[in-house]
Amino acid sequence: MMAHCTAAALVSENKVLCHPSSVDSISTSAATEDHVSMGGWSARKALTVVEHVEQVLAIELLAACQAMEFRRPKKTTEPLEAVHALVRQISKPWDKDRYIAADMDAVTRLLQEGKVWEVAKPFIEKYASVCEPATQK
């Protein structure tokens, strides 16, 4: 539950960070310059938003993996089982309350390093090759 509160707080902060920086431009140099580029600040805000999204995705991935534990011994699809196995290499299932920040950080790193993508990509490519529409002549 607390992980989802963290995710909600990050998403809420992103809404504030997505406010256009251009509305904060104020005149400078004794009002001789009426435009001040806010590009640097906008870039910093955008980077923070991306970092928050990575953290939220990590929280959701942990929650999904824990949900899968509740359905065991049933299995899901092969791609989801592969991602679950990757996450479980660094984050064990919860059987009692414990500090979750280390798990969140570890799964965030998996996302940042592209490891989740590496596991999922072959399944996506296989699915795409099967589902490609026939080229019209």
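Predicted model: local features only at pLDDT ≥ 70, side-chain atom pairs only at ≥ 80, totals over all residues.
Let me begin with helix H2, residues 39-70, and its partner H4, residues 101-112. Their axes come within 8 Å and cross at roughly 110°. With 65 to 115 degrees as the range for such an arrangement, H2 is therefore roughly perpendicular to H4. The crossing of H2 past H4 is right-handed.

Which residues make this contact? On the H2 side they are Glu54, Gln55, Leu57, Ala58, Ile59, Leu61 and Leu62. They meet Asp103, Met104, Val107, Thr108, Leu111 and Gln112 in H4. Sorted by class, the contact of H2 with H4 holds eight nonpolar, three polar and two charged residues.

I turn now to H2 and helix H3, the latter comprising residues 78-90. Here the packing angle is about 105°, and the axes lie 10 Å apart. H2 and H3 are therefore roughly perpendicular to each other. From H2, the contact draws on Leu61, Leu62, Cys65, Gln66, Met68 and Glu69. H3 contributes Leu80, Glu81, Val83, His84, Val87 and Arg88. The classes in the contact of H2 with H3 are seven nonpolar, two polar and three charged residues.

The connection between H2 and H3 deserves a remark. Pro73 is placed in the loop between these two helices. The peptide bond leading from Arg72 to Pro73 is cis, with omega near 15°.

Next, consider H3 with H5. How do their axes meet? They come within 9 Å and cross at roughly 160°. Angles over 145 degrees count as roughly antiparallel, and H3 is therefore roughly antiparallel to H5. H3 passes H5 in a right-handed crossing. The contact is formed by Glu78, Pro79, Ala82, Val83 and Leu86 of H3, together with Lys115, Val116, Val119 and Phe123 of H5. By class, the contact of H3 with H5 has seven nonpolar residues, two charged residues and no polar ones.

Finally, I consider H5 itself, residues 115-131. Where is this helix kinked? A kink of about 35° lies at Lys121, shortly before the proline Pro122.

Conventions:
Residues numbered from 1 in each chain as written. Heavy atoms only, no water. Axes fitted to C-alpha atoms, helices over the stretch in contact; angles between N-to-C directions. Helix = DSSP H or I, 4+ residues; strand = E, 2+ residues; numbered from the N terminus. Parallel < 35°, antiparallel > 145°, perpendicular 65-115°, else oblique. Left-handed = near helix turned anticlockwise from the far one by under 90°. Contact = heavy atoms within 4.5 Å. Nonpolar A, V, L, I, M, F, W, Y, C, P; charged D, E, K, R; others polar. Expected span 1.5 Å × (residues − 1). Bend = angle between axes of the 7 residues up to and from the residue.
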